[in-house]
Amino acid sequence: MTGDERLARQAARDDRAFVAIYDRYHRTLYRYCRAMLRDDTDAQDAAQSTWIRALIALRRGNRDAPLMPWLFRIAHNESISQVRRRSRQRPVADADDAREQAVARGESASAEEQAIDRERFAQLLDDLHELPDRARGALLMRELGGLSHDEIAHSLSTSVGAAKQSILEARRGLQ
């Protein structure tokens, strides 16, 4: 049994095991939610909901996949739910918001380099959001989370072939 699987089983009765899982994956899952949602507040909400749902499911013994893909499935579903809630409440953050955040991170580059980086980043975010949810999710799991095709298939409740196809479609869409 891997360390993740041992921790997941222990988390049903031991808070320290759940804290260890959280420490191991909270940054990765937040980055995934952030990339899906393009908004810090929404990403924080989705990540928090992910951890709440994970704890409840672990305590009930309701996990049906290896830990990391299972956590990504929850994060994916929470992100999609957040997109649906957000579309009813307020418009999606625009590219100007992404550019402002990129400026805050890029202090050492020249003004020209910063402008180019901001524009590329904004274009990438716009392009990512044009992709279908499943393709975007699969690509982000692969690139941000480092998940294998098998783990992505578990996360998206699909076949390995469909997961590979989703990643390929996302990459083609971005090209």
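I count helices as DSSP runs of H or I with at least four residues, and strands as E runs of at least two, numbered from the N terminus. The model is a predicted one.

**Entry 1: overall**

I looked up the element count on that basis. The protein has 9 helices and 0 strands. I read the order from the N terminus as α-α-α-α-α-α-α-α-α. Next I checked burial over the 175 residues, and 41% of them count as buried.

**Entry 2: helix 1 and helix 2**

Two packed helices are described by the angle between their axes and the distance between the axes. I looked up both values for this pair. The axes of helix 1 (residues 3-10) and helix 2 come within 8 Å. They cross at roughly 135 degrees. Angles from 65 to 115 count as roughly perpendicular and those over 145 as roughly antiparallel, so I log helix 1 and helix 2 as oblique to each other. I noted the handedness too: the crossing of helix 1 and helix 2 is left-handed.

Which residues meet here? From helix 1 I list Gly3, Asp4, Leu7, Ala8 and Gln10. From helix 2 I list Ala17, Ala20, Ile21, Arg24 and Tyr25. Sorted by class, this contact has 6 nonpolar, 2 polar and 2 charged residues.

I then asked which residues of helix 1 are buried. They are Asp4, Glu5, Leu7 and Ala8. Looking down the axis of helix 1, I find its buried residues within an arc of 160 degrees, so they line one face of the helix.

**Entry 3: Val19**

Val19 sits in helix 2, which spans residues 15-37. Is Val19 buried, exposed or partly exposed? Its relative accessible area is 44%. Buried needs under 20% and exposed needs over 50%, so Val19 is partly exposed. I also checked Val19 against Leu7. The two are 12 residues apart in sequence. Their C-alpha to C-alpha distance is 9.5 Å.

**Entry 4: helix 7 and helix 9**

The axes of helix 7 and helix 9 (residues 160-174) come within 8 Å and cross at roughly 95 degrees.

Helix 7 brings Arg134, Ala135, Ala138, Leu139, Arg142 and Glu143 to the contact. Helix 9 brings Ala163, Ser166, Ile167, Ala170, Arg171 and Leu174. By class I get 7 nonpolar, 1 polar and 4 charged residues for the contact of helix 7 with helix 9.

**Entry 5: Arg136**

Arg136 is in helix 7, residues 133-143. Is Arg136 buried or exposed? Its relative accessibility is 2%. The cut-off for buried is under 20%, so Arg136 counts as buried. What does Arg136 contact, leaving aside neighbours within four places in sequence? I find Met36, Leu128, His129 and Leu131.

**Entry 6: helix 8**

Helix 8 covers residues 149-156, and its buried residues include Ile152, Ala153, Ser155 and Leu156. Seen down the axis of helix 8, its buried residues fall within an arc of 160 degrees, so they line one face of the helix.

Technical notes:
Residues numbered from 1 in each chain as written. Predicted model: local features only at pLDDT ≥ 70, side-chain atom pairs only at ≥ 80, totals over all residues. Heavy atoms only, no water. Buried < 20%, exposed > 50% of the residue type's maximum accessible area, 1.4 Å probe, protein only. Axes fitted to C-alpha atoms, helices over the stretch in contact; angles between N-to-C directions. Parallel < 35°, antiparallel > 145°, perpendicular 65-115°, else oblique. Left-handed = near helix turned anticlockwise from the far one by under 90°. Contact = heavy atoms within 4.5 Å. Nonpolar A, V, L, I, M, F, W, Y, C, P; charged D, E, K, R; others polar. Arc of directions from axis to C-beta.
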